[in-house]
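These are my notebook entries on a structure that is new to me. I record what I looked up, one topic at a time.

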Amino acid sequence: MSESFVAPGHQRYLRACMVCSIVMTFARFRDEGCPNCEEFLHLQGSQDQIESCTSQVFEGLISLANPARSWVAKWQRLDTYVRGVYATKVSGQLPDDVRTTIEEEYRIQYIPRDGSATEAD
């Protein structure tokens with residue numbers, strides 16, 4: 001997993017996706033896009049999309065080696081995502097046009113990861 005290594009002093013370049021909360025560097029989002037949300041966020045190669053759909057302000061880190069078997073992944077709604085490092089809370093809101101696209105075209109219910117809304121039981 002050397003591609004996931006972040007050198008000391010480079011943590012300031014970390015960002016978290018506002019949809020899935022995966023944490024990666026700005027450069028990785030630019031080069032690879034979001035491994036969970038690229039289909040509808042289109043972050044790869046787009047500085048504007050990265051800045052509007054990811055956040056530098058996040059709390060807590062969860063390392064998931066096997067999201068499908070982890071109770072923490074299920075509790076954080078990460079159990080269908082790829083393995084990696086995820087934030088427990090991500091500050092910020094998706095732009096309205098991105099949110100509308102996700103909900104109307106892709107039929108995905110957007111639940112903010114900043115704790116402002118909770119999933120209905």
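Is Y86 buried or exposed? I found Y86 to be buried, at 0% relative accessibility. I use buried for under 20% relative accessible area, exposed for over 50% and partly exposed for what lies in between, with a 1.4 Å probe and protein chains only.

**Basis of the entries.** I am working with a predicted model, in which local features need pLDDT of at least 70 and side-chain atom pairs count only at pLDDT 80 or more, while totals for chains, interfaces and linings use all residues. I number residues from 1 along each chain as its sequence is written, and side-chain values use heavy atoms, with hydrogens and water left out.

**Annotation.** I looked up the UniProt record, an unreviewed entry, and its annotation "domain: Spt4/RpoE2 zinc finger" covers residues 14-91. UniProt positions are in the numbering used here, feature names are shortened, and annotations may be inferred rather than shown by experiment. Over residues 14-91 I noted 29% helix and 29% strand, with the end C-alpha atoms 13 Å apart. Helices (H or I, at least four residues) and strands (E, at least two) are DSSP runs, numbered from the N terminus.

**Around Y86.** I next asked what the side chain of Y86 meets, and found a polar contact with the side chain of N36 at 3.1 Å. A polar contact is a pair of N or O atoms within 3.5 Å; within protein, one must be able to donate a hydrogen and the other to accept it, and residues adjacent in sequence count only if both atoms are side-chain atoms. N36 sits in the loop between α1 and α2 (38-41) and is buried at 18% relative accessibility. Leaving aside residues up to four places away in sequence, N36 touches C20, I22, Y81, V82 and Y86, where contact means heavy atoms within 4.5 Å.

**Aromatic pairs.** I searched the whole structure and found 3 aromatic pairs. Rings of Phe, Tyr and Trp (its six-membered ring) pair if their centres lie within 6.5 Å; planes under 30 degrees apart count as stacked, over 60 as edge-to-face and the rest as tilted. One of the pairs is F40 with Y106, tilted, at 5.6 Å centre to centre and 50° between the planes. F40 lies in helix α2 and Y106 in the segment after α5, so this pair ties together parts 66 residues apart in sequence. F40 is buried at 10%, whereas Y106 is partly exposed at 28%. The rings of Y81 and Y86 are stacked, because their planes are at 15° with the centres 6.3 Å apart.

**Cysteines.** How many disulfides are there? I counted 0, taking a disulfide as a pair of cysteine sulfur atoms within 2.5 Å. For C17, the nearest cysteine sulfur is that of C20, 3.8 Å away. The sulfur of C20 has its closest cysteine sulfur in C34, at 3.5 Å, too far for a bond. I found C17 buried at 0%, and C20 buried at 0%.

**Salt bridges.** I found 3 in the whole structure, a salt bridge being a side-chain nitrogen of Lys or Arg within 4 Å of a carboxyl oxygen of Asp or Glu. E32 and R28 meet at 3.2 Å, N to O; they are 4 residues apart in helix α1 (residues 26-32), so about one helical turn separates them. E103 and R99 meet at 3.5 Å, and are likewise 4 residues apart, in helix α5 (residues 96-104). R30 pairs with D31 at 3.2 Å; R30 is partly exposed at 38%, and D31 is partly exposed at 45%.
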